[in-house]
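Please look through the sequence and the model, then read the points below.

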Amino acid sequence: MSTNHSTMNDPAPADGLSTETAEDIKQHEKDYSEAGFWKKITQYAKKAGEGTITQALKLYYAAKDPDTPAWAKTTIYGALGYFISPIDAIPDFTPVLGYTDDFGVLAAAIGIVAVHIKEAHAEQARQTVKRWFL
């Protein structure tokens with residue numbers, strides 16, 4: 001089941017974020033579903049790597065926070081939609097480079113919404129990753 005999120009006023013791309021990347025994030029918002037997120041993240045955690053999974057979880061926990069504004073959630077869901085989408089710029093099964101684009105999109109989204117990612121979200125992500133990667 002896909003979660004529908006409406007955009008308020010779309011912010012201009014953050015410094016260093018290309019309009020193309022911002023549009024890519026926005027296009028993938030429709031691909032996000034909570035079930036799809038957890039399926040991908042649990043099945044491919046080791047393959048995607050600790051850094052990519054930590055970024056995804058920070059965004060996920062920030063999106064679940066009622067204090068996070070709608071425009072930030074839209075950006076987050078777009079990035080997470082890209083992460084779980086089977087259509088990537090670099091296919092996830094490509095050795096070494098497979099999750100590079102996913103990491104880049106997640107990092108770009110974090111750059112846009114960083115002010116709304118609380119230490120509690122980061123700690124929750126670290127604790128989840130710690131359990132999975134031990």
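At 1.5 Å a residue, the 14 residues of α5 should span 20 Å, and the end C-alpha atoms of α5 are 20 Å apart, which agrees. The expected span of a helix is 1.5 Å times one less than its number of residues. This is a predicted model, in which local features need pLDDT of at least 70 and side-chain atom pairs count only at pLDDT 80 or more, while totals for chains, interfaces and linings use all residues. Residues are numbered from 1 along each chain as its sequence is written, and side-chain values use heavy atoms, with hydrogens and water left out.

**Overall make-up**

- The protein chain has six helices and zero strands, in the order α-α-α-α-α-α along the sequence. Helices (H or I, at least four residues) and strands (E, at least two) are DSSP runs, numbered from the N terminus.
- Of the 134 residues of the protein chain, 44% count as buried. Buried means under 20% relative accessible area, exposed means over 50%, and partly exposed lies in between (1.4 Å probe, protein chains only).
- Among contacts between residues at least 6 apart in sequence, 71% join residues at least 24 apart. Contact means heavy atoms within 4.5 Å.

**The nonpolar core**

- The largest nonpolar core has 31 residues, and those with the most contacts inside it are F37, I53, L57, L59, L80 and F83. Such a core is a set of buried Ala, Val, Leu, Ile, Met, Phe, Trp, Tyr and Cys residues joined through side-chain atoms within 4.5 Å.
- At least two residues of this core come from each of α2 (34-48), α3 (50-64), α4 (70-84), α5 (100-113) and α6 (119-133).
- Leaving aside neighbours within four places in sequence, L80 is in contact with Y32, F37, A56, L59, Y60 and L106.
- The buried residues of α5 are D101, D102, V105, L106, A108, A109, I110, I112 and V113.

**Aromatic residues**

- The whole structure holds seven aromatic pairs. Rings of Phe, Tyr and Trp (its six-membered ring) pair if their centres lie within 6.5 Å; planes under 30 degrees apart count as stacked, over 60 as edge-to-face and the rest as tilted.
- One of the pairs, Y32 with F37, is tilted, at 6.4 Å centre to centre and 45° between the planes. Y32 is buried, with a relative accessible area of 1%, and F37 is buried at 0%.
- The rings of W38 and Y60 have centres 5.0 Å apart and planes at 80°, so this pair is edge-to-face. Because W38 lies in helix α2 and Y60 in helix α3, the pair ties together parts that are 22 residues apart in sequence.
- W38 is partly exposed at 25% relative accessibility, whereas Y60 is buried at 6%.
- Y32, F37, W38, Y60, Y61, Y77 and W132 form one aromatic cluster.

**Lysine and histidine positions**

- K39 is in helix α2 and counts as exposed, at 52% relative accessibility. The C-alpha atoms of K39 and I84 are separated by 8.7 Å, with the two residues 45 apart along the chain.
- H121 is in helix α6 and is buried at 4% relative accessibility. Not counting residues up to four places away in sequence, H121 touches K58, Y61, A62, D65 and H116.
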